[in-house]
Amino acid sequence: MTVADPLSAISDGDYTDNVYSGKQEHRAQVCAILEKEDYIPNHLIDKQVGWFYDVLGLDDMYFMLENPATVAGHITSLYGAQLSNINKAGPVRITFDSRHESGAVFIHNSVPGISKTEGPHFEQMIDAEYLDISVPQNAYRVESYRSRGKVSKSLDASLRTYFVNVCDFVNPSPEGDAVRDISQVSDRTFLAKATPHVLDLYSAVIDKVLSRTGPVIVSDELPNGGYRLVLGYRQRSTQGFYSAMSDLYHYYHMYSSRKYVEQFSNGVTIISLYLDLARNLAVGSETGSSVTSSSTSPLLSPAALPPASLEEGVGQIMKEASLLFCIPNTPFQTQFKTGELSVQEAVYAYAGWIFAQHFLNRLGSEYATLVEILDPTDATDVEVLAKLKKRLRQETFTRELILDILLRHRELVKDLYAHFAHVHHVSVDVASGSTLADRLKTNLHVSLSMTRLQDKPPLTSEELLLKIARVTTNVNEATVMRALLDFNEHVLKTNFYQLTKVALSFRMDPGFLPAIEYPVKPYGLLLVIGSEFRGFHVRFQDVARGGIRIVRSRNAEAFSINQRALFDENYSLASTQHRKNKDIPEGGSKGTILLNLDAQDRPFAAFEKYVDAILDLLLTGESPGIKNRLVDRLGRNEILFFGPDEGTAGYMDWASQHARKRGAPFWKAFTTGKSQSLGGIPHDTYGMTTRSVHQYVLGLIRQLGLDESACSKFQTGGPDGDLGSNEVKISHDRTTAIVDGSGVLYDPQGIDREELTRLADARQMIQHFDTAKLGPEGFRVLVDDFQVTLPDGTLVQDGLSFRNTFHLNRMAAADFFVPCGGRPESIDINNVGQLFEDDGTTRFKYVVEGANLFFTQDARLRLEKAGVHLFKDASANKGGVTSSSLEVLAALSLTDDAFSRLMCKQEDGSLPVFYQEYVADVQAAIEANAAREFECLWNESKATGKPKSVLSDELSVAIVELRKSLEDTNLWDNVPLRRLIMHEALPARLLREIGLDTILERVPLNYLKAIFGAFLASHFVYEYGTTPSQFAFFEFMSRYYAKAEKTEV
């Protein structure tokens, strides 16, 4: 018996047989119809009908569902097919397709153990039209049977029937204990047919499915010698899985006599397959003609030999089922169906295809020459290079071209897969020098394809390079195939061979990234591939944190654009985050999830799989048969910290709790942006980001002697958002215009502050503003408005266009411009000129960039050159990252019980006193860090004349590089100094609660060292600037050494 889940073995109990009591009467009516139609000679009718009812072996359900006229038509069609097969050579196909409001019936001729590559693909149809879309409110169950007899003596095939019916649940909306009660969540037809043994089995499977993210897979041997394979998973968590499983067991020379798909109103799907070895592969094919194997894989020979036993074959299917669950369909599906590629090879090719799309070095020597010629410090030159790079990537290697090359070089794909498998598929070390076959035989519990192995070892990297050069016919082909070899050589860890998984994840060594395109090499890179998405995670330091964003596409063109830009955007966002994180121990990171075009409505499913697949790489597998240890070429444990970003703000609680369920010791700190009930510190509630942004406003007011109440301000991002609402509440200026998602609100005399504050408190857009409180020159234009005349007589044709371009409108003029929302690069080199008046003066005197990437760097520099005091996003809006960092620190420092008691909202809705005081410490740290950076930028700009936008980057680089340099010193080993720095760096309230020694004991060492280095580096650079004297650091540290000697901490 093979069991891939700790469920008890499946009992011998089964579904009750379908028995049609009216079968004889039904038969008589069919005979009468055939006699009347006269298509079949009368003397043959009884023989044909008798064969159809008694010999062919169709399940009684067919006769129960189909009326006599339909059955008569099927018999006539089969008779015609038999005549056709006698009179002409070639394949004969028999297909019936009958659909009705509550389901469908499909029938086709089928040879056991062979996947169809031509003609109607009923199983794919059933997946797409019924199973993939099933949800508790509208679900479909399937019963499928293979006829026991052949279609005819001359046609070596049986009939496969599929009966699809809409579910009728006992309890369509279960709650509480009913969610796990199979008598409540089942379809009524299933309950009537299932034996107590099947109910017990399915109930156990349901419990497991509801407790994990991935599929549950169990099997057992039946009394007749066959095997039953049961697969449970959550509805809509995969696509095309039913048909893909057929291709998988066909690959291993098996067929199913019957199979069932049951749906449950708690969101669970269960597939049951009744499997046996095919006996007629040497003479049969999908249409009744002969078939032979054409596979010559150096590692796998899929059709050459069946498994040594049915048990062995089923065991292998169970190992590979989760691979299909992750990626049920690929562009290499036809090659998998025909046996040219194994499932592993096909999925590997798909992963390599995606890798090549993003990482082929397509820029060439001409681009490198341009990089050398153009000035990297000139913003215009940099933007030209960026646009050229985007165009070259778009036009050189398309997805279609890469795919075509991989399909043409399938033998190379097999060689490259064998090279990949040689490293990653074995989780137990064996003697060096042994062949891959020896290693697999030594570790059958993780074998790839058991007896389908050859003794010779895979090709080495050098041998593969030579073969690629020999086999490919042009530079493009060689470049694509070498990209797959790059992929192999830089994968450090993968869950590809994990027994249960929901998506594929690869921890990559970023060394393959060309320096010409990515001048700063990331510390770590993750590639994640699921059935709904592809995604990346990039970080620039071991201890790093950043948000995870969902990238959506409105149409195929948008998807193509997003796909091409995905990694570059991810890299840039992580790099920006790294500069922004200069004050905190975590470096910068960012994750992106690009939804497939057909999965735009499943962002949470994609996020779940993305997180779970990454956890596979972070956690050591300790559940044999479910999660085993992976081959680890990295050689050390890693921790990642995730935060909310576009499209994922509501998912952080789930991710934290899922990490806890998976046994991650860092689960409390795994995500920030959690709800207060889980110890999160919501940025919007406490205005964390705004506190940093506003320090730059206050700094300008202080340095220039301004009166805030007399200053006018233009703001993008309305009172409904985090930054926008808190900017309204924290500021005391005269706001003249606000642009948000609903439209434009304008009043040159100043928008009524009391009404604005009301909206900010309620988190409502300006569409809810009481326009009676606007001045005579004020107006509100909403995005749905058309033909609006403004007080000055201007005609606004449509509100949407007016809103989208108002930040470039002459009316959008003020002393301060504080972007608190808006699209990246809203102002670039092409439109920044619209912010200037005819006399060359700018519409804004001061800009504090709260929204990320609102300006491009060249636009910032042009404004600064014109005299605008501008502080860019990486400096201004870092309050949120500081808050999240200190949220992580509390989670790492406190035990689970203490964290629940001190940091989580209590059952009565109250917040612990410790929590409130800790939040006050966080707010103070944000304001202090922002004030220090403002003063440093102001003084450096005044002393050097450099633009603050440039200095901001230089400041970040100086701190980050110094922090990295400090890691290689022995400063941490000086215990008195260590204790002093940590005491000053850590929040006072946390120190009072548990003490420094406890924190040093509980928090991971690499995180403690990161706190130590970040504190020293940021404080030094803020005090001495970006170009200190060679003795400055000695002078700086001397103060701490002296203090450490005098102070006992």
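Visitor: Given that pLDDT is the predictor's confidence in each residue, from 0 to 100, what is the mean pLDDT of the protein?

Guide: This is a predicted model, in which local features need pLDDT of at least 70 and side-chain atom pairs count only at pLDDT 80 or more, while totals for chains, interfaces and linings use all residues. Residues are numbered from 1 along each chain as its sequence is written, and side-chain values use heavy atoms, with hydrogens and water left out. Of the residues, 88% reach 70 or more, and the mean pLDDT is 87.

Visitor: Over which residues does pLDDT stay under 50, with 41 contacts beyond four places in sequence in the model?

Guide: A contact here means heavy atoms within 4.5 Å. Where pLDDT is low, predicted coordinates should not be read in detail. The stretch with those 41 contacts is residues 1-12.

Visitor: Which residues of helix H18 are buried?

Guide: Helices are DSSP runs of H or I with at least four residues, numbered from the N terminus, and buried means under 20% relative accessible area, exposed over 50%, with a 1.4 Å probe and protein chains only. On the other side of H18, Glu 462, Leu 466, Ala 469 and Arg 470 are exposed. The buried residues of H18 (residues 461-471) are Ser 461, Leu 464 and Ile 468.

Visitor: With the side chain of which residue does the side chain of Asn 488 make a polar contact?

Guide: Asn 488 lies in helix H19 and is buried, with a relative accessible area of 4%. A polar contact is a pair of N or O atoms within 3.5 Å, where within protein one must be able to donate a hydrogen and the other to accept it, and residues adjacent in sequence count only if both atoms are side-chain atoms. At 2.8 Å, the partner side chain is that of Tyr 348.

Note on methods: Helix = DSSP H or I, 4+ residues; strand = E, 2+ residues; numbered from the N terminus.
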